[in-house]
Amino acid sequence: MAYFIQVLIDAVALGSLYALVALAIGLVFGVMKLINFAQADYLTVGAYSLVIPTAAATPSMMFGGLPWALMIFCVVLSITVLALITERVAFRPLRNTDPTTLLISSFAVSYFLQSLIIMFHGGRPKSVSIGAALTRPIDILGLRVGGVQFLTMTVALLLLIALVLFLKRTSIGIQLRAAAEDFSMARLLGVAANRVIAIAFAISGILGGVISLLFVIQTGTLDIRMGIMPTVYAFFATVIGGIGSLPGAVLGGYIVGILSVFLQAYLPEEMRPFRDAGVFTIVILILLVRPQGLIVTSAAKERV
Amino acid sequence: MRIFERLFPVLALVIPLAGVVWTIDQFGSASVERVATEALIRLVFAIGLYIFAGNSGIVSFGHMTFCAIAAYATAWQTCCAMLKPITMSGLPAFIRDNTFPLLPAALTSIALAGVVAFTSGLILMRLSSLSASISTLALMFILNVIYSNWTTVTMGSSTIVGLPVYVTIWIALGCAVLVIVIAYLYQVSRWGLMLRAAREDEVAAQASGTSLYWSRLIAFTLSGFVAGLAGVLFAHFMGTVSIANFFLNHTFLIVAMLVIGGMQSLAGAVVGVTFISVVIELFRRAEVGFSVGSTQISIPAGSQELILAGIMLLILIFRKAGIMGGKELRWPWSVRDDGTVVGVGQVRLAHSADSHR
Amino acid sequence: MLEVKQMVAGYGRLTALKGVDITVKKGEVVFVVGPNGAGKSTLLKTISGLMTPTGGEIRFQGERIDGRGPETLCRRGLALIPEGRHIFKTLTVQENLQVGAMIRKDSAEVRSDMEMVLDTFPILRERFKGVAGNLSGGEQQQLAIARSILQRPALLMIDEPSLGLAPLVIDQVYDSLRKLNETGLTLLIVEQSTGRIMELASRIYVLRNGKVVLEGDREELTDTSALDAAYFGFSSDAA
């Protein structure tokens, strides 16, 4: 039972993380029909911004050496700026093209950023330790819970709640949802295209920054591929949730997160390395039953 | 003459290719020949991807899957008779303990790739084009996870070495020509035309019933076979197989080639692969460094990738349809039904590339 | 109020509007009718800024507005309800109306306008907190109109308000449009069928193949045969 609850906490933690990334991807998709591969690299760049660019395997700290509040601020700020730059430079000129072209262009942006990291930091993984104090297990109601899991769950849940409140309660949040559903109509009502798109990218940058920190605390390593897995998971979260649906993205995020943790916990030992394959297979099977995703939106029909 | 005219789009690609290969074979150094051979194999793969992505308008990020499946399958059958029972002990006994002739091994491997493409296509082709794109990525991740961890059969993330190396520049050329012809015959066939029509207007095409699903599935399967062929060629060109070679980097390279050349025509695929192969090779050499007089000049490692991504973005922004603009090469003096001569510059375009909202 | 002069617009190589002149004066209800593919929707999209014209000029309240984006134009008092209503189905009725009033800063008046709108369309008050996607077609049309009114436009353009609605519901919609016009709102309405327009129209344009083939006041067109002739493209003295 205790084991189950620990697994459950893990599942909620990971599910919330994926839900967050999926929501970021879903928002950007909503306002400009772009599925943003570069989200992976927002995560990666965020993590790498902790250290000084060198080829060394244990580099000295850059943002990682700052007091934690300042560190979070700097990382989040720089990733937000990065997200806005990619929007301005690469995606804005393509704003009215079809989703496939946009997808390919984000693939190119992603590759560009990845190459940039390799150029400055070298391609090999590095070890970095921040927040070591947070990794100690803590006792909650007699259960020993990994400090990192607890942190991840708390932060991810808080962010998710904050984001949902922002989308539901603030005027700009409502505009964003309106634009995500029907961009032309929102513009007709005065929603400024540049502004909502910039806000969607800013949100994906902020989330990218925070999540990158959570990942580094969890793994203690930097890797040029570190952003890919969570982002690809988030892609599938949006696909099974129903492309274009924000509640669908959250739902999908939890589904893949929970699946992933439960497979990890309950698969026989020798099968565990295949966990990700299992999750993807289940995702494809869900699509077999519901090709349009769990929550079907009009945006899923590509031509308007 | 009419036959010649009809086959012109193929001949206009194949003859220059053969000419270049002959020149390299006669006058080029061994390293140039290697580079050219590799480019031709990439061309086979790119055309495989084109058969699906170019005709259907659905870009696939997962075709490396089929490449990897065929490469591993041929490795299992032809590689290292002595070591196989130890390093790949999990193989079925008849494969583990036997070494198969090269041609049957190649054919069965290609067939396996095709079958996997068909089976996965049964599911993926039901999805909307965007979901399908993303799901092809899932396919590649599934395969990557399985082959990286299935140590007793694939040697995990280690490299399988000792495959017979038989792919020369002429074999690569032969295969490239073969798939160009296949791709062309496919795209002018009824199924190909149907799919190209659907690419232009999915909603209208869907109204015509389930045929969209089947025409997509046929394209996907056919492109799976061709990608399998590319996988076999890669394996027997390098002499090694490693799962790391069948992942995102290589996918990016091929997608970039297609996009830059122009994803919607066969000529675009050929032009893209040629152009990018040359660019990459130049930058690779520049990264190694070359001497001008007495000074050694080199550019930082990784600039090749940056430039490639940069070119791709610029093409997408300023010339979305790629270098070839979605056109095939056409017989420049063809006479239309109404008697007017169609010049190269004013090829009839069945599709306007601009989308509008 | 609105002057469209020799406007040309289209999609890529396809020219949907080939030099169209249309004038709307303050307080009028102007109808543009025409068969499928005549360019009616393109006309409204171009005026509202969703599409950029390739020729001609558009003046709204004396100023050139062609080439400006919809987010600017709606602040100048131009509103469009596109074909198919385009309410935000995943948002609540309340949120839909909030987005409609978004461009306004006068929150006190927005509140009183909101009350007014909810009085005009009581069903919306009933469903205020509900998700808009659950409304029926007629209710969605009411919501779309209400949402646009909250913009306080000087000119409201509507693309096929009766599309897909039952005759009884069309009555209601036309009724509310008439009331709105009586409060001083100028209307430019596109319809495919000529059936209902006479009761509301002050002036009518017939659009065919991207050109205006007939225009006239309601009084001039009481004999509908000229209208029908222009609409169906019979060779006639009207064209």
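1. Residues 24 or more positions apart account for 79% of the chain B contacts that have a separation of 6 or more. Two residues are in contact if their C-beta atoms, placed from the backbone, lie within 7 Å. The model is predicted: local features need pLDDT of at least 70, side-chain atom pairs count only at pLDDT 80 or more, and totals for chains, interfaces and linings use all residues. Residues are numbered from 1 along each chain as its sequence is written, while chains are lettered from A and ligands numbered from 1 in the order in which they are written.

2. Make-up of chain B. Chain B has 15 helices and 4 strands. Helices (H or I, at least four residues) and strands (E, at least two) are DSSP runs, numbered from the N terminus. Its radius of gyration is 21 Å, close to the 21 Å that the globule rule gives for 357 residues, so chain B is as compact as a globular protein of that length. That radius is taken over C-alpha atoms, and the rule is 2.2 Å times the number of residues to the power 0.38. Along the principal axes, the C-alpha atoms of chain B fill a box of roughly 70 × 65 × 40 Å. Of the 357 residues, 49% count as buried. A residue is buried if 20 or more other C-beta atoms lie within 10 Å of its own, exposed if 12 or fewer, and partly exposed in between; the C-beta atoms are placed from the backbone.

3. Chain B against chain A. The contact takes 37 residues from chain B and 44 residues from chain A. On the chain B side, H7 (129–149), H11 (202–207), H13 (248–261) and H15 (303–318) each supply at least two residues. H7(B) gives the most, with 13 residues. By class, the side of chain B that touches chain A has 22 nonpolar, 10 polar and 5 charged residues. Ala, Val, Leu, Ile, Met, Phe, Trp, Tyr, Cys and Pro count as nonpolar, Asp, Glu, Lys and Arg as charged, and the others, Gly among them, as polar.

4. Leu127(B). This residue lies in the loop between helix H6 (102–124) and H7 of chain B. Leu127(B) counts as buried because it has 23 C-beta neighbours inside 10 Å. Leaving out residues up to four places away in sequence, Leu127(B) touches Leu287(A), Pro291(A), Ala132(B) and Ser135(B). Ile15(B) is 112 residues from Leu127(B) along the chain, and their C-alpha atoms are separated by 39 Å.

5. A helix pair in chain A. H6(A) (residues 171–181) and H8(A) (residues 193–219) pack at about 100 degrees, with their axes 10 Å apart. Axes are lines fitted to C-alpha atoms, for helices over the stretch in contact, and angles run from 0 to 180 degrees between N-to-C directions. The two helices are therefore roughly perpendicular. Angles under 35 degrees count as roughly parallel, over 145 as roughly antiparallel, 65 to 115 as roughly perpendicular and the rest as oblique. Ile172(A), Gln175(A), Leu176(A) and Ala179(A) in H6(A) meet Val196(A), Ile199(A) and Ala200(A) in H8(A). These contact residues divide into 6 nonpolar, 1 polar and no charged.

6. Make-up of chain C. Chain C has 8 helices and 10 strands. Of its 239 residues, 44% count as buried. Its radius of gyration is 18 Å, which agrees with the value near 18 Å for a compact globule of 239 residues.

7. The four-strand sheet of chain C. This open sheet has the order E2-E1-E4-E5, with antiparallel pairing. Two strands pair if DSSP finds at least two bridges between them. The edge strands are E2 (14–24) and E5 (63–64). E1(C) and E2(C) are joined by 8 bridges. Gly10(C) has Thr15(C) in E2(C) as its bridge partner. In their hairpin, with 2 residues between the strands, Gly12(C) takes a positive phi near 60 degrees.

8. The six-strand sheet of chain C. The order here is E6-E7-E8-E3-E9-E10, an open sheet with mixed pairing. Its edges are E6 (78–81) and E10 (211–217). The twist averages 15 degrees from one strand to the next. E6(C) and E7(C) (residues 155–159) pair in the parallel sense over 4 bridges. Leu78(C) stands opposite Leu155(C) in E7(C).

9. H1(C) and both sheets. Helix H1(C) (residues 40–48) lies across E1, E2 and E4 of chain C, at about 70 degrees to E2(C). H1(C) also lies across E3, E6, E7, E8 and E9 of chain C, at about 145 degrees to E7(C).
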